[in-house]
Each structure stands twice: as C-alpha cells, then as structure tokens.
Amino acid sequence: MVANIADNSYVFSYDMPDIRITGVHERLSIRMVIDGQEALSETYYPDNDNAVILCDPGDIINEYFVRPELTNDNAWIALSPMTVQISLSDGVTTANYTLYVFYSRYHISFEPLTDFMFYSRYKVKRVRLDNIEHLSFFVSEKTKVFLDVIYLELGNSIKKTVELKLPEANHMAAYNVSPVRVSGLADVQYANIISYDVRITNGTLTDLVRYVIDRKGYRETHQFLYYNMFGLPEAISFSGLVQYNPELVGDIVDMVKQKRRFNPFFNDSRTVNTGYLDENKYQALIDMITSPVQYWYDPSSLLTEIIITDIDFTHTKMGNQRVNVNLTFCPANRKYHVFDRASFGGGIFDYTFDRTFE
C-alpha cells in the first residue's frame with residue numbers, strides 16, 4: 001500500500017493534490033489528525049484498480065487553521081505549520097505519514113521554506129505616516145532581515161540600517177513595518193522619514209520591498225486590515241472619495257391604525273473608491289475582498305469589522321490605463337454604535353461674546 005505523499009514534507013495547503021492510495025486490500029481506514037484534533041476517521045472501499053482517492057485534503061486542513069488576531073500592537077506575528085498526521089490501514093498493511101502544512105488560499109509559485117523572499121504583492125508601496133503595515137516571509141535558520149531608513153536631518157538625507165530581531169526559525173511571520181514602528185526601531189523621528197527599504201536574505205539570495213512615505217493631501221483615506229493568502233495580517237489603503245449611503249432598516253407593521261418600526265437599525269453603508277491602482281495593488285485588493293475577515297482602520301478609533309456588500313470592478317484590461325474601482329461596505333456587527341462624550345473644557349471666549357462676526 002503506497003500513497004502519493006512524502007513523509008515529513010512541507011507543503012502549502014492549497015497546493016496539496018488529491019491523496020491517492022494504491023495497492024489497497026478489501027477496505028481502507030483513514031484517520032487524519034491536525035494539530036492534535038481528529039479531523040477525519042473514515043472507511044473507504046477501493047475501486048477496480050485497488051485505489052482510494054481522498055479529494056481536496058487541503059480544504060479539510062484549512063478548516064482547522066487558527067487565524068492570528070488582527071492587531072497593530074505586536075512587533076511580529078509568527079505561525080508554525082500545522083502538523084498533519086495521516087494513518088492508513090487496510091487490515092493487511094499500515095502506513096503513517098506526517099506532513100507540515102502552511103495555510104494558503106491560492107496556488108503558490110514557489111516551494112515552502114523559501115527563506116529569501118517576501119511573501120508580498122508589492123515591490124514598492126506608498127504609505128501614510130499613520131498606516132498599519134505588515135510584511136510576510138518565512139524564517140529559517142539563515143534568514144536575516146534589514147531595515148534601510150532614509151530620513152532628513154538638518155536638510156540632508158541620511159541612511160540608517162538596522163537588523164531586525166526575528167521570531168524563531170521554521171515559522172511564517174508577519175512583521176510590523178508601519179512608519180511609527182520603523183521610526184522606533186531606527187530611532188528616527190517618523191515625521192522626518194522619506195522612505196525605507198526592508199531587505200531579506202539567506203546569505204545568498206535577497207529580496208526587497210520599498211516603502212515611500214506619501215504626504216499628499218487627500219480629502220479622505222480609508223485603510224483596511226485583512227488576512228493575506230497565507231493567513232497573516234496585511235493592510236491596504238485607498239485615497240478615492242467616499243460616498244455615504246446609510247439606510248434605516250427594520251420591520252414596519254400596522255398596529256391598531258398605527259405604524260410602528262420594530263428593531264430599527266441605522267446601517268452605516270459606504271462606497272469607497274480605491275483611487276488609481278497599479279497591477280500589484282489590484283491583486284492585493286482581490287486578496288482583501290476574498291479574505292474571510294476584513295477590518296476598517298480609523299486611527300482615531302478601534303478596529304471595526306466590516307462586511308463587503310457589493311463591488312463594481314468594471315474596467316478594461318490594464319495597460320497604460322489607470323484603473324480605479326469601487327466597493328461598498330458596512331459594519332459586520334449590528335452593535336457598532338458608540339456614545340462618546342468628553343466634558344466641556346471651555347474656550348478662549350466666555351458666554352458674553354455673541355456671534356456678530358460669525
């Protein structure tokens with residue numbers, strides 16, 4: 001009895017093929033345990049070729065993936081691979097396999113344990129000073145990550161390089177590289193930062209993502225936090241205008257010649273235009289809208305979980321044209337309303353001043 005999987009191998013869940021077990025006698029018992037939890041315990045009968053096929057094992061494994069908390073407080077978030085133990089028995093022979101599976105939502109063009117590459121859509125990314133930013137990569141024993149910060153001091157541009165402290169090896173990690181965090185790591189005033197490069201190397205090969213501080217005066221900016229294709233936090237921001245289209249919902253009934261609304265709810269629905277997108281950011285936007293969870297980030301308040309209710313991605317094929325699209329969202333939780341009041345602290349004028357000149 002032989003299966004088409006390699007014992008003690010590392011794989012991305014979405015790239016796992018159907019498990020084909022050949023040479024099966026009579027019937028086959030399959031047991032799958034994921035991080036200590038029994039996910040599957042079934043008995044199958046072979047086909048005419050004495051084979052049993054377990055379809056889409058990656059989908060089963062992804063159901064047991066524990067997503068990390070979406071937050072901007074941690075220096076990094078590290079994920080170890082899921083340990084998947086598969087036991088096969090047909091009454092004559094037995095076989096046991098252990099797989100180490102990294103979560104993924106898409107096909108991945110490189111192998112797991114690739115330790116010289118950032119798992120990011122971007123080569124260059126424009127960021128605001130108050131943005132949340134995370135950058136994902138795999139940490140091996142040889143992995144080193146450096147931060148090259150370009151900043152102004154007395155009218156001169158200066159470069160400062162800092163090596164980042166990493167989580168333990170054999171983990172996927174999302175590192176906090178927000179401008180505020182970077183300024184603390186490099187001991188540089190974040191208002192003076194022009195740009196910063198994040199470099200990763202395994203001693204032989206190197207990859208880089210450049211962050212450029214965007215100081216344009218947009219009327220509105222919206223930022224969203226989501227899970228990327230590896231189940232790690234990532235953020236995207238939009239600079240287009242926002243159309244507010246709130247609605248009042250609730251059942252209206254007639255009660256003894258009087259109408260009454262039951263369970264009234266003010267749904268704060270908004271349609272945000274992304275602003276112009278390049279091809280990389282467009283792909284990141286697809287990652288965001290297909291994430292199982294999305295949060296809207298407002299620096300002045302807490303993260304708010306949202307639900308995307310509609311999209312308008314109509315556009316011609318990207319080439320020399322600049323593409324922008326729209327998406328509509330609202331709070332996911334009906335209990336999102338907040339009553340907030342601060343005590344009146346007075347002003348520079350007392351009550352004797354009227355509004356003559358206003």
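In what order do the three strands of the open sheet line up, and is the pairing parallel or antiparallel? The order is 1-3-6, and the pairing is antiparallel. Keep in mind that this is a predicted model.

**The open sheet**

- Strands of a sheet pair through backbone hydrogen bonds, and that can happen in a parallel or an antiparallel way.
- Here the edges are taken by strand 1 (2-3) and strand 6 (51-54), each of which pairs on one side only.
- Strand 3 covers residues 19-22 and pairs with strand 1 in the antiparallel sense, over two bridges.
- If you want to spot that pairing in the viewer, go to Ala 3: its bridge partner in strand 3 is Ile 21.

- As background, most residues other than glycine have a negative phi.
- You'll find Asp 56 in the loop that runs between strand 6 and helix 1 (57-62).
- Asp 56 counts as partly exposed because its relative accessible area is 44%, which falls between the 20% and 50% cut-offs.
- Leu 113 sits in the loop between strand 9 (94-102) and strand 10 (124-127).
- With a relative accessible area of 35%, Leu 113 is partly exposed too.

Notes. Residues are numbered from 1 along each chain as its sequence is written. This is a predicted model: local features need pLDDT of at least 70, side-chain atom pairs count only at pLDDT 80 or more; totals for chains, interfaces and linings use all residues. Side-chain values use heavy atoms; hydrogens and water are left out. Two strands pair if DSSP finds at least two bridges between them. Helices (H or I, at least four residues) and strands (E, at least two) are DSSP runs, numbered from the N terminus. Buried means under 20% relative accessible area, exposed over 50%, partly exposed in between (1.4 Å probe, protein chains only).
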